[in-house]
Each structure stands twice: as C-alpha cells, then as structure tokens.
Amino acid sequence: MMKKKTALTIAGSDSCGGAGIQADIKTMTVNGVYAMSAITALTAQNTTGVSDILEATPEFLAAQLDAVFTDIYPDAVKIGMVSSKTLIETIAEKLRQYGAKNIVLDPVMVATSGSKLISDDAVETLCSALIPLAAVITPNIPEAEVLSGMNIETEADMEKAAAAIYGKYGCSVLCKGGHQISDANDLLFDGQKSKWFYGQRIDNPNTHGTGCTLSSAIASGLAKGLPLETAVKEAKDYISGALSAMLDLGQGCGPMDHAYMLESGDVCE
C-alpha cells in the first residue's frame with residue numbers, strides 16, 4: 001500500500017479552471033501531493049471575467065472541513081479568496097480545532113489594479129483570526145500595503161513592510177513583486193532574515209491564477225517536508241515553467257499550463 005503527502009485547498013471554484021480550486025488541485029497534483037478541497041464559493045467565470053457567485057454557507061463549509069480533517073488529515077493547507085466575515089471565522093475555528101499545520105494563506109484583498117475585493121469587516125477578521133494561524137502569507141504589493149500600513153515604492157520598502165507584517169502577525173511573509181517594483185522578484189521574510197527570489201520576466205499575457213498557483217505550490221512543498229525557502233524556490237520555478245509553456249486559451253487573460261511538467265515527463269515527487 002502506498003502513502004502520499006496530502007494538501008487541502010480552501011478556496012472558491014473557477015468554472016474556467018485557471019484559478020481557485022481547479023488551479024490549486026492541478027498544481028498540488030503535479031507537484032507530488034494528494035489534493036483535497038473545501039469550496040467557499042461557486043463562481044461562473046471565464047477568461048473575460050466573473051458573471052455570478054454563489055457563496056457556501058458557514059455550516060456547509062464547516063461540514064466540508066470536518067469531512068476532510070476527520071479522515072485524510074492534510075499535511076498542509078492553502079487558503080485562497082474568502083469574501084465574507086462569517087466564512088473566515090468558520091475556517092479559523094476549524095483550523096484551530098484540528099490543529100492544522102503548514103498553513104499557506106493568499107490574503108486576497110486587493111486586486112493588482114488596486115480595487116478592493118472584500119469588505120472592510122472581512123479584512124479585519126482575516127487579519128485578526130486567520131493570518132496569525134498561517135505559516136506564511138503571500139500578499140501582492142497593494143495587500144502588503146494594507147497589512148503593513150505603509151506605502152511601498154521601492155525594494156527597501158518591501159523589506160520594511162514584510163518586517164512590519166511579521167511583527168504584527170507573527171507569520172512569515174512572501175511579498176510578491178510587481179507594480180513596477182522588483183517586477184518578477186519576491187521577498188521572503190521569516191522573522192530572522194530576508195531572502196530575495198529573483199525571477200525572469202516572461203512576456204506572456206495569460207497569467208490568470210498565478211497567485212493561486214504560487215501559494216498552492218508552496219503548500220505542496222511544505223506538505224512534503226521542504227524548508228520554507230526551498231518550497232518557495234520550487235514554487236517560483238514551477239510558475240516560471242507554467243508561464244513559459246505559453247498556453248493560449250480563451251478570449252481574455254487566459255490560464256497557465258499547469259501540466260507542463262506532465263507533458264515533459266518531469267513530475268515533482
């Protein structure tokens with residue numbers, strides 16, 4: 001009989017398959033772990049946008065989490081976008097109840113355009129109830145500005161903001177570059193030292209689901225017992241490979257090729 005490391009994604013469903021639960025499961029599978037899911041919302045969306053959302057009830061989300069944790073206990077947990085205060089509270093309660101470990105949180109609050117994605121009370125609950133449970137969070141620049149309470153305009157600002165976030169919440173921070181600041185470079189701060197991960201700028205307009213994919217790949221590495229720095233490096237390499245495959249689907253911002261390693265026969269174990 002074969003045993004395998006496991007990972008749970010708690011996120012919304014993307015009917016187009018490029019982000020959310022679908023991207024997470026693809027990423028975890030290709031990166032060598034058994035993927036499980038608890039769905040926070042169903043979305044009707046494609047590469048051009050979201051047309052409708054049906055949110056799970058707190059009771060049903062709790063039932064999903066109970067079902068997973070009481071049978072196949074996850075070695076890591078990835079949390080994606082959760083839009084309501086009550087669902088965030090439900091997730092935090094269940095993670096504490098079951099002593100969840102290796103929690104990777106993508107604190108989806110602000111789009112790369114700067115638009116707010118969740119309500120103020122949901123942001124407050126995310127910060128007070130969920131972020132302190134995480135092993136690492138992966139904010140983009142606008143999200144890091146919200147969490148740190150400072151403007152970020154330079155690499156030095158990224159370092160200060162990451163340290164400030166760690167000081168507030170006690171979790172490691174992977175501050176993702178972009179917005180003309182260290183465009184393809186990310187900064188990890190673990191409370192003791194900063195580590196830059198330099199990435200190649202890939203000229204591919206199809207980047208739907210990159211945040212979901214990166215956090216899921218990090219969770220996969222932690223589930224396999226990799227140190228955080230190694231898990232981040234391998235996740236960055238995976239993203240680069242998926243973008244470099246130059247998949248072109250849909251009429252808008254299309255998905256990456258999550259299965260590029262399967263096609264090359266180079267699956268991560």
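**Exercise 1. Identify what covers the buried residues of helix H4.**

Solution. 
Step 1. Helices (H or I, at least four residues) and strands (E, at least two) are DSSP runs, numbered from the N terminus. Buried means under 20% relative accessible area, exposed over 50%, partly exposed in between (1.4 Å probe, protein chains only).
Step 2. Note the basis. This is a predicted model: local features need pLDDT of at least 70, side-chain atom pairs count only at pLDDT 80 or more, and totals for chains, interfaces and linings use all residues. Residues are numbered from 1 along each chain as its sequence is written, and side-chain values use heavy atoms, with hydrogens and water left out.
Step 3. List the buried residues. In H4 (residues 120–130) they are Ala122, Val123, Thr125, Leu126, Cys127, Ala129 and Leu130.
Step 4. Name the cover. It includes strands E4 (76–79) and E5 (103–105). Helices H3 (85–98), H5 (141–148) and H6 (155–169) are also among the covering elements.

**Exercise 2. Locate the patch of negative charge on the surface.**

Solution. 
Step 1. Set the rule. Patches are made of residues with over 30% relative accessible area and no salt bridge: like charges are joined within 9 Å, nonpolar side chains (Val, Leu, Ile, Met, Phe, Trp, Tyr) within 5 Å. A salt bridge is a side-chain nitrogen of Lys or Arg within 4 Å of a carboxyl oxygen of Asp or Glu.
Step 2. Name the members: Glu89, Glu93, Asp121 and Glu124.
Step 3. Assign elements. H3 and H4 each give two or more residues to the negative patch.
Step 4. Check one member. Glu89 is in helix H3. Its relative accessible area is 36%, so Glu89 is partly exposed.

**Exercise 3. Find the salt bridges that tie together parts apart in sequence.**

Solution. 
Step 1. Take the total. The structure holds 7 salt bridges.
Step 2. Take Asp24 and Lys78. Their closest N and O atoms are 3.0 Å apart. Asp24 lies in helix H1 (residues 20–30) and Lys78 in strand E4, so this bridge ties parts that are 54 residues apart in sequence. Both residues are buried.
Step 3. Take Asp186 and Lys236. They meet at 3.1 Å, N to O. Asp186 lies in strand E8 (residues 186–189) and Lys236 in helix H8, so parts 50 residues apart in sequence are tied together. Asp186 and Lys236 are buried.
Step 4. Take Glu229 and Lys193. The N to O value is 3.3 Å. Glu229 lies in helix H8 and Lys193 in the loop between E8 and strand E9 (194–197), so the pair links parts 36 residues apart in sequence. Glu229 is partly exposed at 28%. Lys193 is partly exposed at 41%.
Step 5. Salt bridges that share partners join Asp190, Lys193 and Glu229 into one network.

**Exercise 4. Describe the surroundings of Asp157 and Met246.**

Solution. 
Step 1. Asp157 is buried yet has no salt bridge. The nearest side chain of opposite charge, Lys160, is 4.8 Å away.
Step 2. List its contacts (heavy atoms within 4.5 Å). Not counting residues up to four places away in sequence, Asp157 touches Met150, Asn151 and Ile152.
Step 3. Met246 is partly exposed at 42%.
Step 4. List its contacts. Leaving aside neighbours within four places in sequence, Met246 is in contact with Asp203 and Asn204.

Conventions: Areas by Shrake-Rupley, 256 points an atom, 1.4 Å probe, with all protein chains shown as cover. Lys, Arg positive; Asp, Glu negative; His and termini not counted. Charge placed at Lys NZ, Arg CZ, Asp CG, Glu CD.
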